[in-house]
Amino acid sequence: RDALQESEASYKAFITNSSEAIWCYDMQPPVAIHGAVAQQVEQIAQNARLVEANKVLINMLGVESLDDLLGTGLIDSGSKNYVFDIHLFVKNNYLMIDHDIVRQDARGKNFYFQICCTGIVEDGFLKRVWGTTKDITARRRYEEKLRYQSYHDSLTALPNREKLYADMQTCFEQRSAEQISALLLIDLDRFKEINDTLGHNVGDHLLRLIGPRLANVI
């Protein structure tokens with residue numbers, strides 16, 4: 001009995017002090033794993049109910065207490081593609097490792113998370129799913145910022161040559177044989193004279209004005 005109590009205390013301490021969200025969904029009722037994938041996905045979406053979670057998940061989802069979460073289904077998780085996520089989970093033999101999801105709050109703001117989870121299968125039925133969720137929002141936004149900087153001019157914020165090459169590649173890959181593409185090149189006449197006579201600050205200001213004007217007329 002002492003060993004069991006010690007084990008339960010260690011388990012609760014691990015759950016409570018984890019830096020990642022830890023959660024468990026029960027299938028109510030359990031879902032047969034021998035059905036078609038689409039059928040399993042639909043049943044998991046309908047039957048999954050949150051039965052356990054730590055404080056990290058409470059903070060992630062922005063609720064007051066665990067009572068606000070217990071009993072909720074996957075549709076309430078805030079994931080924009082939860083059905084797609086379940087499909088991958090089933091196809092991967094009820095396992096996910098470092099799977100990225102996007103959650104949208106009530107104001108429409110996106111937050112990014114990475115989940116690992118495993119399904120508990122007994123006697124041909126999926127009975128519950130244990131998983132962890134890690135908030136990677138800061139990392140994703142930093143990556144997006146770096147990507148934006150690599151594809152845009154720092155002075156004018158206009159797309160640069162690398163962005164042009166990437167867009168052209170996408171255009172060539174996605175267009176049909178009947179579609180025609182065109183590339184327009186525009187030069188600024190006597191721009192060097194502006195820099196030489198009025199200074200580079202004026203030249204930079206002019207460049208900042210040209211981008212939006214071109215966008216308005218094209």
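## The nonpolar core

The largest nonpolar core of this predicted model holds 30 residues, and those with the most contacts inside it are Trp23, Met27, Ile44, Leu57, Ile86, Phe89 and Leu126. Two or more residues of this core come from each of the strands S1 (21-32), S2 (48-53), S3 (95-104), S4 (110-122) and S5 (125-135), and likewise from each of the helices H2 (37-47), H3 (55-61) and H4 (82-91).

Ile86 gives a view of the packing around one of these residues: leaving out residues up to four places away in sequence, Ile86 touches Val41, Ile44, Ala45 and Leu74. Ile44, one of these partners, is itself listed with Ile86 among the residues that have the most contacts inside the core.

## Aromatic pairs and a charge over a ring

A search of the whole structure finds 2 aromatic pairs. In the pair of Trp23 and Tyr25, the ring centres are 5.6 Å apart and the planes stand at 70°, so the arrangement is edge-to-face. Trp23 has a relative accessible area of 8% and is therefore buried, and Tyr25, at 10% relative accessibility, also counts as buried. The pair of Phe89 and Tyr94 is edge-to-face as well, with 5.8 Å from centre to centre and 75° between the planes. Here Phe89 is buried with a relative accessible area of 5%, while Tyr94 is buried with a relative accessible area of 7%.

Another ring, that of Phe111, has the charged end of Arg141 sitting over it, 5.2 Å from the ring centre.

Asn47 is found in helix H2, and because the cut-off for burial is under 20% relative accessible area, its 12% relative accessibility makes Asn47 count as buried. Not counting residues up to four places away in sequence, Asn47 touches Asp26, Met27, Gln28, Pro29 and Val31.

Two of these contacts, Gln28 and Pro29, are joined by a cis peptide bond with omega at about 0°. Pro29 lies in strand S1. For comparison, most peptide bonds are trans.

## Asn160 and the start of helix H6

Asn160 lies in the loop between helix H5 (137-151) and helix H6 (161-174), and with a relative accessible area of 22% the residue is partly exposed. At the start of H6, a side-chain oxygen of Asn160 reaches to within 3.2 Å of the backbone nitrogen of Glu162. Helix H6 has 14 residues and spans 20 Å from its first C-alpha to its last, close to the 20 Å expected at 1.5 Å a residue.

Ser150 and Asn160 are 10 residues apart in sequence, and their C-alpha atoms are 8.2 Å apart in space.

## Positive phi angles in two loops

Most residues other than glycine have a negative phi. Tyr94, although not a glycine, has a positive phi of about 60°, and its place is in the loop between H4 and S3. Asp123 is likewise not a glycine and has a positive phi of about 55°; this residue lies in the loop between S4 and S5.

Terms used. Residues are numbered from 1 along each chain as its sequence is written. This is a predicted model: local features need pLDDT of at least 70, side-chain atom pairs count only at pLDDT 80 or more; totals for chains, interfaces and linings use all residues. Side-chain values use heavy atoms; hydrogens and water are left out. A nonpolar core is a set of buried Ala, Val, Leu, Ile, Met, Phe, Trp, Tyr and Cys residues joined through side-chain atoms within 4.5 Å. Buried means under 20% relative accessible area, exposed over 50%, partly exposed in between (1.4 Å probe, protein chains only). Helices (H or I, at least four residues) and strands (E, at least two) are DSSP runs, numbered from the N terminus. Contact means heavy atoms within 4.5 Å. The expected span of a helix is 1.5 Å times one less than its number of residues. A polar contact is a pair of N or O atoms within 3.5 Å; within protein, one must be able to donate a hydrogen and the other to accept it, and residues adjacent in sequence count only if both atoms are side-chain atoms. Rings of Phe, Tyr and Trp (its six-membered ring) pair if their centres lie within 6.5 Å; planes under 30 degrees apart count as stacked, over 60 as edge-to-face and the rest as tilted. A charge sits over a ring if NZ of Lys or CZ of Arg is within 6 Å of the ring centre and within 35 degrees of the ring normal.
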